[in-house]
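Please keep the sequence and the 3D view at hand while reading.

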Amino acid sequence: QEYTGIKIKLLSPYPSALNSLGGKDVYLIAATLRPETMYGQTNCFVKDDIEYVAFEAKNNEVYITTLRAARNMAWQELTPEYGKVNIIMKLTGKDILGAAIKAPRAMFDKLYVLPMMGVKSNKGTGVVTSVPSDAPDDFATLMDLKNKPPLREKFGIKDHMVNFEPVPIIDVPGFGNLCAVTVCEELKVNSQNDKDKLLLAKEKCYRKGFDEGIMLVGNHAGKNVKVVKPIIKEEMIAAGEAFKYQEPEKEIISRSG
Ligand code: ZZB
């Protein structure tokens, strides 16, 4: 599985648990299959109890991902020393909840790290960038956080951190320009815990968005998602905003013991 690793910059002042990283360029790395949707980012998701590591990347930068992803990255020439992960500090999702970030291509200059229960530690980087216009899970989770003050309180999330609306970035014929919102409403998704409905919603959005979607924003506005997805990916890589990140197939992991 080839993901695009999106470099989401942590803005200073860093959360207190990350004080020792002050002065360094720190990036949360989100793994995505939809680089063309980065214009619609409204936040980034981590899970409070997942363990992450801050490790040395190239050019004196620091990346934050799960240890598992960091190890994969080390074999993909993304660390200074091939195959080696130099861990600067360990942290949990809780340590970075509410942190201010700057995400490449997003319409907003400052976004926030928010909690999502469905983030998996054994997939991608454990960091998920949020595109509520086109990703049903992201829309459902953002709505939970907006509509449920106790949920925000539980995680120390302030009102202004969820004060973002889905951004129309892709027109999907029959689903309008906020595909995930349309499909979640159609299927009556009530929360991020509506697992079955969300799985169905995701499949619908993926298929329709890829086959028929038309970009509404960016330098490829008016063109088909299918056509511009790989181009936008390469453009982001060339701009230093992203990189290729391969996830080994499960089969390969078990075969190698
Ligand atoms: C931005 C984005 C925009 C995504 C979209 C999807 C959609 P999949 O589809 O299940 O194979 N993701 C990545 N890592 C994790 C994780 N550790 N835990 C939970 N979710 C994760 O997985 C790929 C997508 O799942 C990724 O692409 C990411 O969300 C999320 F408009 O990034 B995506 C219809 C989906 N639309």
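A residue is called buried if 20 or more other C-beta atoms lie within 10 Å of its own, exposed if 12 or fewer do, and partly exposed in between. Lys123 has 15 C-beta neighbours inside 10 Å, so it counts as partly exposed. The model discussed here is predicted.

**Overall fold**

- The chain contains 8 helices and 12 strands. Its radius of gyration is 18 Å, close to the 18 Å that the globule rule gives for 257 residues, so the chain is as compact as a globular protein of that length.
- Along its principal axes, the C-alpha trace spans about 50 × 40 × 40 Å.
- Buried residues make up 45% of the 257 residues of the chain.
- Among contacts with a separation of 6 or more, 72% are between residues 24 or more positions apart.

**Shell around the ligand**

- The ligand has 19 residues around it, and those that come nearest are Thr32, Gly124, Asp134, Ala135 and Cys205.
- At least two residues of this shell are supplied by each of β2 (25–32), β9 and α6 (195–212).
- Helix α6 gives the largest share of the shell, 3 residues.
- Sorted by class, the shell has 8 nonpolar, 6 polar and 5 charged residues.

- Lys123 sits in the loop between β8 (111–115) and β9 (128–130).
- Lys123 and Glu247 are 124 residues apart along the chain, yet their C-alpha atoms are separated by 8.0 Å.
- Lys233 belongs to helix α7, which covers residues 225–238.
- Is Lys233 buried or exposed? Lys233 is buried, because 20 other C-beta atoms lie within 10 Å.
- Beyond its neighbours within four places in sequence, Lys233 is in contact with Thr4 and Pro35.
- From Lys233 to Arg34 the separation is 199 residues in sequence and 8.7 Å in space, C-alpha to C-alpha.

**Helix packing around α3**

- Two packed helices are described by the angle between their axes and by the distance between the axes.
- Helix α3 (residues 136–147) packs with α6 at an angle of about 130°, and the axes are 8 Å apart. The two helices, α3 and α6, are therefore oblique to each other.
- On the α3 side, this contact is made by Pro136, Asp137 and Ala140; on the α6 side, by Leu198, Ala201, Lys202 and Cys205. The residues of the contact of α3 with α6 comprise 5 nonpolar, no polar and 2 charged.
- By class, the contact of α3 with α5 has 7 nonpolar residues, no polar ones and 1 charged.

**Backbone features to check**

- Most residues other than glycine have a negative phi, and most peptide bonds are trans.
- Which peptide bond is cis? The bond from Ser12 to Pro13 is cis, with omega near 0°. Pro13 lies in the loop between β1 (2–10) and β2.
- Asn60 is not a glycine but has a positive phi of about 65°. Asn60 is placed in the loop between β4 (51–56) and β5 (61–65). With 9 C-beta neighbours inside 10 Å, Asn60 counts as exposed.
- Arg105, also not a glycine, has a positive phi of about 75°. The loop that holds Arg105 runs between β7 (100–102) and β8. Arg105 has 21 C-beta neighbours inside 10 Å and so counts as buried.

Technical notes
Residues are numbered from 1 along each chain as its sequence is written. This is a predicted model: local features need pLDDT of at least 70, side-chain atom pairs count only at pLDDT 80 or more; totals for chains, interfaces and linings use all residues. Helices (H or I, at least four residues) and strands (E, at least two) are DSSP runs, numbered from the N terminus. Two residues are in contact if their C-beta atoms, placed from the backbone, lie within 7 Å. The radius of gyration is taken over C-alpha atoms; the globule rule is 2.2 Å times the number of residues to the power 0.38. A residue is near a molecule or strand if its C-beta atom, placed from the backbone, lies within 6 Å of it. Ala, Val, Leu, Ile, Met, Phe, Trp, Tyr, Cys and Pro count as nonpolar, Asp, Glu, Lys and Arg as charged, and the others, Gly among them, as polar. Axes are lines fitted to C-alpha atoms, for helices over the stretch in contact, and angles run from 0 to 180 degrees between N-to-C directions. Angles under 35 degrees count as roughly parallel, over 145 as roughly antiparallel, 65 to 115 as roughly perpendicular and the rest as oblique.
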